[in-house]
Amino acid sequence: RQPLVFKVYSTITEFFASEKPLFDNKVESKDTTITEEDSEVVAMIKELIDTRIRPSVQDDGGDITYLGFHDGVVFLQMQGSCSGCPSSSATLKGGIERMLQHFISEVSGVVAVDSVEEYEKLVKSPAESKDAAKIQSINREEFEKVEKHIN
């Protein structure tokens, strides 16, 4: 019985000495899987979401789902602790939108929707989609005014 205790202790000690993570939380996200039908812009958006944006959002207990890219607007769904969080709009504008616009000039804005149905409604109605882009542009300008005032 004693030798088994030493083996278990030795195994646990070796594992912690290796500094490997206890759990591998990497889960493949189907929303950002790059397909042959994706344009170069959409592929870049998905790559940025997967490698830079999603990990940061997940560190705060939330997640985002990529829904689509239409007329320069990236549509996302905020999930987890980000859904309904008062800071989510600041995260969306100050973090996600700025990063996407920095790396991808074709991105004019980012819109968070509550459901796939809401996204589909916006996409089916081009006028509403363009209105959403205009609203996002106005929101961005107002956000920048507030940010300048604070700083």
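Strands β2 and β3 (residues 109–112) pair in the parallel sense, over four bridges. Two strands count as paired if DSSP finds at least two bridges between them. Strands themselves are DSSP runs too (E, at least two residues), and helices are runs of H or I with at least four residues; both are numbered from the N terminus. Two of the partners across this pairing can be named. Phe75 has Val111 in β3 as its bridge partner. Leu76 has Ala112 in β3 as its partner.

This is a predicted model, in which local features need pLDDT of at least 70 and side-chain atom pairs count only at pLDDT 80 or more, while totals for chains, interfaces and linings use all residues. Residues are numbered from 1 along each chain as its sequence is written, and side-chain values use heavy atoms, leaving out hydrogens and water.

Strand β1 (residues 62–70) pairs with β2 in the antiparallel sense, over eight bridges. Here Phe69 has Val74 in β2 as its bridge partner. The two strands form a hairpin, with two residues between them. Asp71 sits in that turn and has a positive phi of about 50°.

The three strands form an open sheet in the order β1-β2-β3, and the pairing is mixed. Strands β1 and β3 stand at the edges with a single partner strand each, so one side of each is left without a neighbour in the sheet. On average, neighbouring strands of this sheet are turned by 30° against each other, direction ignored. Such angles run from 0 to 180 degrees between N-to-C directions; the axes are lines fitted to C-alpha atoms, for helices over the stretch in contact.

How well covered is β2 (residues 73–80)? Six of its eight residues are buried, so the strand is mostly covered. Buried means under 20% relative accessible area, exposed means over 50%, and partly exposed lies in between (1.4 Å probe, protein chains only). In a regular strand, side chains alternate between the two faces of the sheet.

Next come the helices around the sheet. Helix α2 lies across β1 and β2, and runs at about 165° to β1. Helix α3 (residues 88–103) packs on the sheet and touches β1, β2 and β3. The direction of α3 makes about 145° with that of β3. Touching, or contact, means heavy atoms within 4.5 Å.

Step back to the whole chain. Its secondary structure comes to five helices and three strands. From the N terminus on, the elements run α-α-β-β-α-β-α-α. Buried residues make up 32% of the 151 residues. Take the contacts between residues at least 6 apart in sequence: 52% of them join residues at least 24 apart. The accessible surface is about 10,300 Å², and 55% of that belongs to carbon and sulfur atoms. Accessible areas come from the Shrake-Rupley method with a 1.4 Å probe; for residues, only the protein chains shown count as cover.

Charged side chains come next. How many salt bridges does a search of the whole structure find? The search finds four. A salt bridge is a side-chain nitrogen of Lys or Arg within 4 Å of a carboxyl oxygen of Asp or Glu. Lys46 and Asp38 form one, at 2.7 Å from N to O. Lys46 is buried, at 7% relative accessibility, whereas Asp38 is partly exposed, at 22%.

Arg54 and Asp50 are four residues apart in helix α2, so about one helical turn separates them. Arg54 also meets Asp63, at 2.9 Å from N to O. Is Arg54 buried or exposed? At 3% relative accessibility, Arg54 counts as buried. Asp50 is partly exposed, at 24%. Asp31, Asp50, Arg54 and Asp63 are linked in a network of salt bridges.

Asp50 has another contact to note. Pro55, in helix α2 (residues 40–59), touches Ile49 and Asp50, not counting residues up to four places away in sequence. Pro55 is partly exposed, with a relative accessible area of 31%.

Finish at helix α1 (residues 2–18), where Ile12 has its place. Ile12 is partly exposed, at 45% relative accessibility. Together with Leu4, Val8 and Phe16, Ile12 makes a nonpolar surface patch of about 410 Å². Patches are made of residues with over 30% relative accessible area and no salt bridge; like charges are joined within 9 Å, and nonpolar side chains (Val, Leu, Ile, Met, Phe, Trp, Tyr) within 5 Å.
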